[in-house]
Amino acid sequence: MGKTALVTGITGQDGSYLAEFLLSKGYTVYGMVRRSSTENFDRIEHIRDQVILRQGDLLDQLSLLNLIEESNPDEIYNLAAQSFVPTSWTKPLLTGEFTGLGVTRMLEAVRAVKSKARFYQASSSEMFGLVQEVPQKETTPFYPRSPYGVAKVYGHFITVNYRESYGMYAVSGILFNHESPRRGKEFVTRKVTDGVARIKLGLQKELKLGNLEAKRDWGFAGDYVRAMWLMLQQDKPQDYVIATGETHSVQELVEIAFNHAGLNWKDHVKTDPTLIRPAEVDLLIGDSSKAKRELGWKTEVSFEGLVKMMVDADIQRLKP
Ligand code: NAP
Ligand code: GDD
C-alpha cells in the first residue's frame with residue numbers, strides 16, 4: 001500500500017515541488033486549496049489530474065478536521081502561510097492568524113483525528129532575524145525582526161510543544177531562503193530575474209529595488225522539498241536547519257542576473273527608499289551539518305546556477 005500525504009499550501013512554490021516529488025515516490029497526494037473567485041493553480045496545472053484538491057483554510061478549524069478525516073494521511077506538510085515579509089507589517093494580525101495560530105489549528109486537527117500522522121511545519125530562517133550567532137544552526141537563539149518572523153517563532157515552538165506534550169511525530173524544518181522559476185514575483189530573486197528578462201526584451205527600462213546590502217543564504221526549492229520529506233522518514237522526530245552554507249548580497253544576485261543577460265545592472269537598477277523595511281534582517285547564513293549528517297541531505301544547484309536558471313526561464317516565458 002502506498003502512503004498518503006496531505007499538503008497545505010500546494011498552490012505555492014514549495015507545495016508544487018513537494019507534490020511533484022511525493023507523486024514520484026508513489027504517494028497519493030491531497031492538496032488543501034483556498035476557495036477564490038478565480039482559480040490559482042498555475043504552479044500545479046501540469047500535475048492537477050494526479051493530485052486530489054480539497055478546499056480548506058487555516059482560519060477555519062472545521063475545514064481542517066474534515067480534510068484530515070477524508071484524506072487519512074500518513075504525512076502532513078504544513079506549508080500554507082502568509083509568507084511575504086513586507087506584508088506582515090501591513091497585515092500583522094492576519095499574518096499572526098495564518099502563519100502563527102494556523103499551525104495550532106493544524107496540530108489540533110491532527111491530534112483530534114489522526115495523532116499518529118507525521119507532521120512537518122515550514123519554519124524559517126527569518127526566525128533568526130538579528131542573528132545571535134554566525135552561521136545559524138538548530139541551537140542558535142531566535143530574534144525575529146518582522147511580524148512574519150514572530151509568527152514563525154510561534155509556529156516553531158507550538159510544533160515542538162505538541163511533540164513534547166502529546167508524543168506526536170511533529171518536526172520543524174528551519175529552511176533558509178529557497179527560490180526557483182516558480183517563486184512569487186514579489187520576492188527579490190524573482191523580481192530581479194523577471195526584471196532582467198523584461199529589460200532584455202525591451203519591455204521595461206528600469207528596476208526599482210530596496211536594500212542591496214542585505215545578505216541571504218539562497219538555495220533551490222527543488223533541493224529543499226527533499227529535505228522536508230527526509231525529516232518525516234526518521235526514527236525520531238527532530239528539527240533541522242536546511243541551508244547551503246553560502247551567503248550572497250542582493251547586489252551580487254543583481255550582478256549575476258544582469259551579466260547573464262549581457263546587461264550592465266548600473267544602467268537599470270534604481271534604489272527606492274519605500275522598499276526599505278522597518279526592520280531588516282542583514283545577514284543569514286545557515287549551518288546544515290546536522291541535516292547532512294543525519295538525513296544525508298545536500299544541495300544540487302549552486303547559487304549562480306540558480307540565478308541563471310531563473311533568468312533563462314523568465315526570458316523564455318516572456319519571449320514573443
Ligand atoms: P508561497 O509561494 O507564498 O505559498 C504559500 C501558500 O500558502 C499558497 O499555496 C497559499 O495559497 C497558501 N495559503 C496562504 N494562506 C492560506 C490560508 N489561510 N489557508 C490556506 N492556504 C493558505 O510560499 P512558499 O515559498 O511556497 O513557502 C512555503 C512555506 O514555507 C511557507 O509557510 C513559508 O512561510 C515557508 N518558508 C519559505 C521559505 C522560502 O524561502 N520559500 C523559507 C522558509 C520558510 P494561495 O495560492 O491561495 O495564496
Ligand atoms: N522583496 C524584495 N523586494 N526584497 C528586496 C528588494 C525588493 O525590491 N530589494 C532589496 N530586498 C531585500 C530585502 O530587504 C531582504 O533583505 C532580501 O532582499 C530578501 O527579501 P525577500 O526575497 O522578500 O525574502 P525574505 O528573506 O524577506 O523572506 C523569504 O525568505 C524567508 C526565509 O529566510 C520569504 O520566502 C519568507 O517566507 C521566508 O521565510
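Helix 6 (188-200) and strand 8 (207-209) each supply at least two residues of the shell around ligand 2, where helices (H or I, at least four residues) and strands (E, at least two) are DSSP runs numbered from the N terminus. Before I go on, please keep in mind that this is a predicted model, in which local features need pLDDT of at least 70 and side-chain atom pairs count only at pLDDT 80 or more, while totals for chains, interfaces and linings use all residues. Residues are numbered from 1 along each chain as its sequence is written, chains are lettered from A and ligands numbered from 1 in the order in which they are written, and side-chain values use heavy atoms, with hydrogens and water left out.

Staying with ligand 2, there are 24 residues around it, and Ser83, Ser124, Ser125, Tyr148 and Arg277 come nearest; a residue is near a molecule if one of its heavy atoms lies within 4 Å of it. As for polar contacts, which are pairs of N or O atoms within 3.5 Å, an oxygen atom of ligand 2 is 2.5 Å from a side-chain N or O atom of Tyr148, and an oxygen atom of the ligand is 2.7 Å from such an atom in Asn177. Taken alone, ligand 2 exposes 720 Å², of which the protein buries 95%, with areas from the Shrake-Rupley method and a 1.4 Å probe.

Turning to ligand 1, we find 25 residues surrounding it, the closest being Thr11, Arg34, Asn40, Ser83 and Tyr148. A polar side-chain atom of Asp57 lies 3.0 Å from a nitrogen atom of ligand 1, and a side-chain N or O atom of Lys152 is 2.9 Å from an oxygen atom of that ligand. The protein buries 89% of the 900 Å² that ligand 1 exposes when taken alone.

Strand 5 gives the largest share of the shell around ligand 1, three residues, and Gln121 lies in this strand, at residues 118-124. Is Gln121 buried or exposed? Gln121 is buried, with a relative accessible area of 1%, where buried means under 20%, exposed over 50%, and partly exposed in between (1.4 Å probe, protein chains only).

Conventions:
A polar contact is a pair of N or O atoms within 3.5 Å; within protein, one must be able to donate a hydrogen and the other to accept it, and residues adjacent in sequence count only if both atoms are side-chain atoms.
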